[in-house]
Every structure is written in structure tokens, then in C-alpha cells.
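Open the model in your viewer and keep the selection tool at hand. This tour goes stop by stop, with what to select and what to find there.

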Amino acid sequence: MKVLVKDQIINSADANVSISDRGYQFGDGIYEVIRVLNGKLFTEKEHMDRFYSSAEKMDLVMPYDREKLTTLIYDLIKANNVVDGHVYFQLTRGVQEPRNHAFPDNVEAVLTGHTKIYKRDLAMLEEGVSTVTADDVRWLRCDIKTLNLIGNCMAKTKAAKVGAEEAILHRDGLVTECSASTLLIVKDGVVKTHPLTNLVLPGITRMVIMDAIADANIPVKEEAFMLDELFQADEAILASTGHDATPIIEIDGKPVGNGKRGPITAEIQRRYDLRIEQECGKA
Ligand SMILES: Cc1ncc(COP(=O)(O)O)c(C=O)c1O
């Protein structure tokens with residue numbers, strides 16, 4: 001497999017990073033995951049916008065302009081013959097010796113990236129997934145797509161231990177999002193999701209779904225809600241680059257609605273697929 005290190009595409013066996021890289025020492029960096037469909041980047045502009053916005057929020061200096069970064073990402077996809085899958089790339093603040101918490105001056109940020117090949121999971125999109133609830137123990141800048149994901153990892157592990165796909169996070173009962181995805185619920189025909197505050201990541205899949213909801217004239221409220229409202233939902237959706245709009249059919253062992261994909265979820269998925277087709281062509 002080929003990987004990206006700085007502005008070079010090299011064999012993964014030849015890639016190495018310094019143990020003094022701040023990404024390794026502090027999780028001091030940012031990342032993106034972009035879906036590749038038919039060899040094209042889906043929602044490329046939106047992901048690039050968020051990458052540059054994360055960098056700005058962290059005072060990270062981007063070593064390449066957008067055009068160069070996009071070229072490097074496409075070169076990596078081509079080098080690994082990715083038709084369907086995703087590309088992951090991250091930027092750390094770079095190497096600093098001796099270790100010091102304060103951000104250094106004049107250190108070059110380090111870009112790395114790799115790819116993964118997989119097809120859309122059509123069975124999962126129809127049958128849905130089970131989830132568990134977990135305390136949201138993360139920090140208060142969840143709007144930044146930082147490498148610091150230990151709170152997310154702890155929650156996802158709780159889910160994995162019982163064979164669930166995702167963990168739905170809450171702060172003292174107030175539902176935020178999932179460990180690696182956005183959460184939306186539907187009650188009496190109205191979609192609800194947490195507003196874009198510091199407590200959630202501005203998900204790109206969420207953005208595509210919100211466009212679909214607007215086009216379909218489905219009522220939507222960007223409002224926080226409590227766990228009891230979650231358990232009374234007719235439908236629930238897990239939204240992320242890797243999951244698209246996946247139905248949640250079970251939470252903590254209890255069925256959501258009738259335990260099957262609901263009509264609003266199906267309509268959102270139909271429109272989501274159209275958007276994919278517009279940007280990347282037919283599967
Ligand atoms: C915490 C969190 N929320 C939401 C998302 C969904 O974001 P996107 O739709 O851009 O993949 C992710 C994706 O990794 C995430 O880690």
C-alpha cells in the first residue's frame with residue numbers, strides 16, 4: 001500500500017514519523033476522512049473547508065494550498081487504485097524537541113494519509129444497526145476535528161463490547177452525537193438533531209442530510225434533546241462519511257419505533273443516493 005508523507009507518495013513500509021511529533025506526543029493535529037465513490041471524492045469541497053477551518057481553530061499553519069492538497073489526495077487514491085472506499089489524511093503540528101506543551105513557532109506541520117477500499121454496505125443501510133448510550137466525557141471543543149479522540153474511543157469500545165455499531169453520547173442526559181457520527185431522530189414526522197455548537201462536530205453527512213430534508217420539505221428542528229425523547233423516537237439515524245444515513249433500530253436493547261427502517265429515513269437515503277450520483281456518478 002502507498003501512503004502520503006508530507007508531499008510524497010511512498011510505500012507504507014518506508015514511511016516513518018518522529019517520536020517527537022506533537023501528533024504522537026499530544027494528539028496535536030487534525031484529520032479528515034473523505035468517501036471515494038467511482039474514484040471521485042464525495043463532498044470534497046465541504047471536507048476541505050472543514051479541514052482548513054479545523055486548522056484555523058487550532059492555530060495550525062497549513063503547509064500546502066488547497067489545490068496542492070487536493071492533488072496529493074487524488075494522487076494517493078490513484079496510487080492505491082481506490083474506486084470505492086475512503087481516504088484518511090491528517091496534519092500534525094510537527095516535530096518539537098524537547099517536549100513542551102506550548103505551541104512552538106517555526107515548526108513545519110506534517111501531513112500524512114492512507115486509503116481504505118470498501119463498497120457501500122447496502123444491507124446495513126436497509127437493515128440498520130444497534131447502539132448503546134454512553135456518557136459524553138469529551139472536552140468542550142468537539143467542533144474541531146482533532147486527533148484527540150480518546151473519549152470517542154472509550155465510548156466506541158463500550159459499544160463494540162456488546163456487539164453494537166455505535167455509542168450515542170449524552171452529557172447528563174442531554175444527547176449530543178455519536179462516538180464517530182451525527183445523530184438525528186424523528187418524532188411525529190419532525191426531524192431533530194443537536195445544533196452546531198462546540199459540543200458536536202459539524203458533520204458533512206449531516207449537511208447533506210439537511211439539504212435533503214429541506215428539498216423534501218420535511219420539518220426539522222436543530223435543538224438539543226434529552227435521553228427520554230431519544231427513547232420515544234419513531235426513527236433514529238446515524239450519519240457519517242462511513243455510514244451515510246444508517247437507520248438505528250435499537251438503543252440499549254430497546255427497539256426504535258417498530259425496530260425497522262422508517263419512511264423518513266428511507267426518503268433521506270433516496271435523496272442522499274441522488275446526491276452521490278450527481279457528484280460521483282452511478283454506482
Ligand atoms: C464525533 C463525530 N461526529 C460526527 C461525525 C460525522 O462527520 P462526517 O459526516 O463529516 O463524517 C464524525 C465522523 O468522524 C465524528 O467523529
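Select Thr205 and show its surroundings. Apart from neighbours within four places in sequence, Thr205 is in contact (heavy atoms within 4.5 Å) with Ala239, Ser240, Thr241, Asp244 and Tyr272. Thr205 belongs to helix 6; helices (H or I, at least four residues) and strands (E, at least two) are DSSP runs, numbered from the N terminus. Its relative accessible area is 4%, so Thr205 is buried. Buried means under 20% relative accessible area, exposed over 50%, and partly exposed in between, with a 1.4 Å probe and protein chains only. Now find the backbone oxygen of Ser240: the side chain of Thr205 reaches it at 3.3 Å.

A word on the model before moving on. It is predicted: local features need pLDDT of at least 70, side-chain atom pairs count only at pLDDT 80 or more, and totals for chains, interfaces and linings use all residues. Residues are numbered from 1 along each chain as its sequence is written, and side-chain values use heavy atoms, with hydrogens and water left out.

Next, select residues 204–215 and 263–280, which are helix 6 and helix 8. How do they pack? The angle is about 110°, and the axes are 9 Å apart. Axes are lines fitted to C-alpha atoms, for helices over the stretch in contact, and angles run from 0 to 180 degrees between N-to-C directions. Helix 6 is therefore roughly perpendicular to helix 8. Angles of 65 to 115 degrees count as roughly perpendicular, under 35 as roughly parallel, over 145 as roughly antiparallel, and the rest as oblique.

Show side chains at this contact. From helix 6 come Thr205, Val208, Ile209, Asp211, Ala212, Ile213 and Asp215; from helix 8, Ile268, Arg271, Tyr272 and Arg275. By class, the contact of helix 6 with helix 8 has six nonpolar, one polar and four charged residues. Nonpolar covers Ala, Val, Leu, Ile, Met, Phe, Trp, Tyr, Cys and Pro; charged covers Asp, Glu, Lys and Arg; the others, Gly among them, are polar.

Move to Asp143. Asp143 sits in the loop between strand 7 (129–135) and helix 5 (150–161). Buried or exposed? With a relative accessible area of 10%, Asp143 is buried. Its side chain makes a polar contact of 2.9 Å with that of Arg141. A polar contact is a pair of N or O atoms within 3.5 Å; within protein, one must be able to donate a hydrogen and the other to accept it, and residues adjacent in sequence count only if both atoms are side-chain atoms. Not counting residues up to four places away in sequence, Asp143 touches Lys57, Thr197, Asn198, Val200, Leu201 and Pro202.

Select Met48 in helix 2 (residues 44–57). Met48 is buried, at 0% relative accessibility. Leaving aside neighbours within four places in sequence, Met48 is in contact with Arg66, Leu69, Thr70, Ile73 and Phe89.

Finish with the backbone. Thr43 lies in the loop between strand 4 (40–41) and helix 2. Phi of Thr43 is near 55°, positive in a residue other than glycine. Thr43 is buried, at 2% relative accessibility. Asp172, in the loop between strand 8 (166–171) and strand 9 (174–178), has a positive phi of about 50° although not a glycine. Asp172 is exposed, with a relative accessible area of 77%. Last, go to Pro98, in the loop between strand 5 (85–92) and strand 6 (110–117). The peptide bond from Glu97 to Pro98 is cis, with omega near -5°.
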